[in-house]
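Here is a short walk through one structure, with the cut-offs spelled out along the way. Have the viewer open and follow along.

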Amino acid sequence: MKKAFYQFIEHTADIGIRVKSSSLAGLFKCSGLAIADISARKQKTHYHKKHRIVIRQKAANVEELFVNWLNELLSVSAIESLVFEDIQINQVNENFVDAIGIGSDLRNYKLNTEIKAATYHQLKVKKTGLIWQAEVIFDV
Amino acid sequence: MYEKMTGNIPLEKIDDYRWCIPRSYKPGMRVPGLIYADEKLLKDIYQDKALEQVVNVAHLPGIVNNSLAMPDIHWGYGFPIGGVAATDIDEGGVISPGGVGFDINCGVRLLKTNLEYDDVKGKIKDLIYRLFSDVPSGVGSEGDISVSPKEEKEILLKGARWAVEKGFGTNDDLECTEENGAMSGADPQAVSQRALQRGKTQSGTLGSGNHFIEVQVIDQLYDREACDTLGLNLGQVMVEIHSGSRGLGYQVCEDYSRSMIGSLTKYNINVPDRQLACAPLTSSEGKAYLSAMKCAANYAWCNRQCLMYLTRQVFEKVFGSSWQKLGMFLIYDVAHNIAKIEQHKVNGKQKNLCVHRKGATRAFGPGHQALPEKYKKIGQPVIIPGDMGRNSYLLVGTEKAMQETFGSACHGAGRLKSRTAAIRSIRPDMLLKELESKGIIVKASGRNTLVEEAPAVYKDINDVVGVVHNAGISKRVCRMRPLGVIKG
């Protein structure tokens, strides 16, 4: 199991995760990939085309940016019927993120859990020393 | 006075089924918290952060009487699940998307049949497998009921009536649906293009998570008069459908949760949790959310109407008779994630309130004008599903609920254990065997869904319903036990 890039946090009804990274870009990338890891399991690849989708978000602070980012990934993947297998962060600061999501056709996956949205409840995004850490609860 | 501590939150016992968190507990609380539970359920309630969320909700501007918690209360986001709060529109009352949730108008409907247990016991496997094959379910499921953009906007306005006009039901179905299947005041202009895109292919789909269609049999009657009114008897086969507004509702909630973060500063509102972001009901932001929420609620009623249509079709195939001859008539359809503008008495005065029910069911008492004529004598049917291995209940609303809970009751059993704990500790093959040994056939889209929804992760519905009945905020009518279920 390759789940080292995030940990689950116990929550009665929903799913919480904790993500750590040495950079803000890494934090955003890992959290985005955690969505795919929780939601879906890869089956055989029948549909080989990769879809590159630009994701840009802005917000008043890094926590709101983080939630906006995750919800944008969820929303785009639902509309485009994709699972984001990789993410390239072009630029990120505490108020803006510009990235490319690389998506694979949903039909290549067995879907496990529907994440409805990322929430602001008990949301934490902070840098301690050299490490960025985020905690977020998803409504499932 | 008897006092218990949960973390550092004091609980004062009012009686065997009511507990109070005094307003003095935390500066900023505008009203006390009132929890409906008995000693047994309180032990579970202590285990998570739901009581903290009851306290947080008590901070909402314009909240009146109490921040309420039903006995199925558990930790959610923003509001606790099982939370009820009413805000006074004329006193700066707010509306909060977090008080409704992402699955706007998630709800449940209950149909009766004239079949008895003996009629279905040899066909239950066939029935469940056909339901599973004919009703689209699972994560991101898409249905055969495809709609044009124009039709989708009609659904947002007409709700379940859209489906009835397409031939997917009758006017009697609408009469037996909360709000007759559509809230007035819905404005599709308030719904984002993205939300419309997410809803376009999902009408008539069950979804995933705790959504289900369950075939049940009545195994206990409690109120003969109400059963006679509803045409119910021991051994009668019933069908329960649980679903919501799918991706369209999620997107509406997300859009407005995001924009209402800005409303907190604009209207100088302090709440302890950003997921309680809100805006005054009289503000442009509050009005826009309410209009969009109504669209999503109407979409959900249309969805459950379509799901019922598909269910009736499956029964027709399996039993070789029309659904009318099979007596598949709707008892009622209730929302349990919604905000409604309702009139209730506060300190003896009739007030216009916005009642948030987040994991709570409307439970209007006898005589209420919102009820169909045929239910005015007994009160509103209140449908409370349990987990897939235990009972579900039909209750009716009471006058006491009107006085104490803005006409509200619980919505289900309430979760006890997390999904991650379920996946760690429950084996799907063992679970299926255990259910089959009880005569319950289960078909689920995903392995995770199955274990995440196992009976062991839920409170005992019998305890939860016992509290609402004994507290007098709803009255037991009959109990059902599951025969088979499809899970999303």
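## Two oblique helices in chain B

Helices α4(B) and α11(B) are oblique to each other, a word that covers angles which are not under 35 degrees (roughly parallel), over 145 (roughly antiparallel) or 65 to 115 (roughly perpendicular). In this predicted model, α4 (residues 124–134) and α11 (residues 284–319) of chain B pack at about 135 degrees, and their axes are 10 Å apart. Axes are lines fitted to C-alpha atoms, for helices over the stretch in contact, and angles run from 0 to 180 degrees between N-to-C directions. The crossing of α4(B) and α11(B) is right-handed, that is, the near helix is turned clockwise from the far one by less than a right angle.

Which residues make the contact? From α4(B) come Asp126(B), Leu127(B), Arg130(B), Leu131(B) and Asp134(B), while α11(B) brings Leu310(B), Thr311(B), Gln313(B), Val314(B), Lys317(B) and Val318(B). Contact requires C-beta atoms, placed from the backbone, to lie within 7 Å. By class, the contact of α4(B) with α11(B) has 5 nonpolar, 2 polar and 4 charged residues; Ala, Val, Leu, Ile, Met, Phe, Trp, Tyr, Cys and Pro count as nonpolar, Asp, Glu, Lys and Arg as charged, and the others, Gly among them, as polar.

## A sheet in chain A and its helices

Over in chain A, an open sheet of 3 strands runs in the order β4-β6-β5 with antiparallel pairing. Helices (H or I, at least four residues) and strands (E, at least two) are DSSP runs, numbered from the N terminus, and two strands pair if DSSP finds at least two bridges between them. β4 (50–58) and β5 (82–92) of chain A each have a single partner strand, so one side of each lacks a neighbour in the sheet.

β5(A) and β6 (residues 96–105) of chain A pair over 9 bridges, and Val97(A) in β6(A) is the bridge partner of Val92(A). Helix α1 (residues 24–39) of chain A lies across β5 and β6 of chain A, at about 170 degrees to β5(A). α2(A) also packs on the sheet, where it touches β4, β5 and β6 of chain A.

## Where the chains meet

Between the chains, 26 residues of chain A are in contact with 35 residues of chain B. On the chain A side, α2(A) gives the most, with 6 residues. That side divides into 11 nonpolar, 9 polar and 6 charged residues.

## Reading the numbers

Residues are numbered from 1 along each chain as its sequence is written, with chains lettered from A and ligands numbered from 1 in the order in which they are written. As this is a predicted model, local features need pLDDT of at least 70 and side-chain atom pairs count only at pLDDT 80 or more, while totals for chains, interfaces and linings use all residues.

Methods. Two residues are in contact if their C-beta atoms, placed from the backbone, lie within 7 Å.
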